[in-house]
Amino acid sequence: MKNVNRVFFCKSLSLVFLVPSFTRSHLRFTYSAAGASSPNRAIHCMASDSPHSGDGSVSSPPNLAAVHTSSSSSSASSAIDFLSLCTRLKTTPRAGWIKRDVKDPESIADHMYRMGLMALISSDIPGVNRDKCMKMAIVHDIAEAIVGDITPSCGISKEEKNRRESEALEHMCKLLGGGERAKEIAELWREYEENSSPEAKVVKDFDKVELILQALEYEQEQGKDLEEFFQSTAGKFQTDIGKAWASEIVSRRRKQH
């Protein structure tokens, strides 16, 4: 039996994967990443499988090792497609800073990364799963890889924002291939959005803490007055740790003025 390559084409991402196969199957996978605002990106799969070899004889069915290789290759392809889409989180700046003419503003991924560190270094809180908080921190804005950073100043209602992000999340989970990991991401995201658990409340506070800490740093570095961000978060912290960290940031800000 001949060893034939299986080829994956990802148009917009300019990635080509050569995956060994023990069949004469050819699968073309096309993923279009154009249009960040549209969650309905095209995903096309075309397969042509035949049990016959090139000389007209019937090929033997693949053995278990070949089936496992094919499954692993499919899983790897889904993972890389998903991660390639998530690169937009690294390259999309946070909209609030752009509107305030902040130079070299942080990206969405920058924001989520420091929130993950907040969860990592936080002390143990009774009834709160710290590992779950870290996971939630790194996925809470993940839908923004498609819809972008929608802020209150964008003039989009909360309901419409949630609808767009929900559709984007569903698309991303399908791109990942479904399964347990995709389900976990979706559950963490929805739990955060609904503020429905102790972990969600902690991470919601970390979201605001990271915002005002970054605002303080931009004030110090660039001489900006970003009072509005402190006003918009004042009195909205739900947890003791959120209140304590926010109070420390505000105290440091007062000392510099």
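Start with everything shown as a surface: the protein exposes about 14400 Å², and carbon and sulfur atoms supply 54% of it (Shrake-Rupley areas with a 1.4 Å probe, only the protein chains shown counting as cover for residues). This is a predicted model, where local features need pLDDT of at least 70 and side-chain atom pairs count only at pLDDT 80 or more, while totals for chains, interfaces and linings use all residues. Residues are numbered from 1 along each chain as its sequence is written, and side-chain values use heavy atoms, with hydrogens and water left out.

Switch to cartoon. You get 10 helices and 4 strands (DSSP runs numbered from the N terminus: H or I of at least four residues, E of at least two). From the N terminus the order is β-β-β-β-α-α-α-α-α-α-α-α-α-α.

Next, select residues 108–121, helix α3. Its 14 residues should span 20 Å at 1.5 Å a residue, and the end C-alpha atoms sit 21 Å apart, which agrees (the expected span is 1.5 Å times one less than the number of residues). Among its buried residues are I108, H111, M112 and M115 (buried is under 20% relative accessible area, 1.4 Å probe, protein chains only).

Now pick residues 179–194 (α7) and 198–222 (α8): they pack at about 75°, axes 8 Å apart (axes are lines fitted to C-alpha atoms over the stretch in contact, angles running from 0 to 180 degrees between N-to-C directions). So α7 is roughly perpendicular to α8 (65 to 115 degrees). Show side chains: E191, Y192 and E193 of α7 meet E199, A200, V203, K204 and D207 of α8 (contact is heavy atoms within 4.5 Å).

Note on methods
Buried < 20%, exposed > 50% of the residue type's maximum accessible area, 1.4 Å probe, protein only. Parallel < 35°, antiparallel > 145°, perpendicular 65-115°, else oblique.
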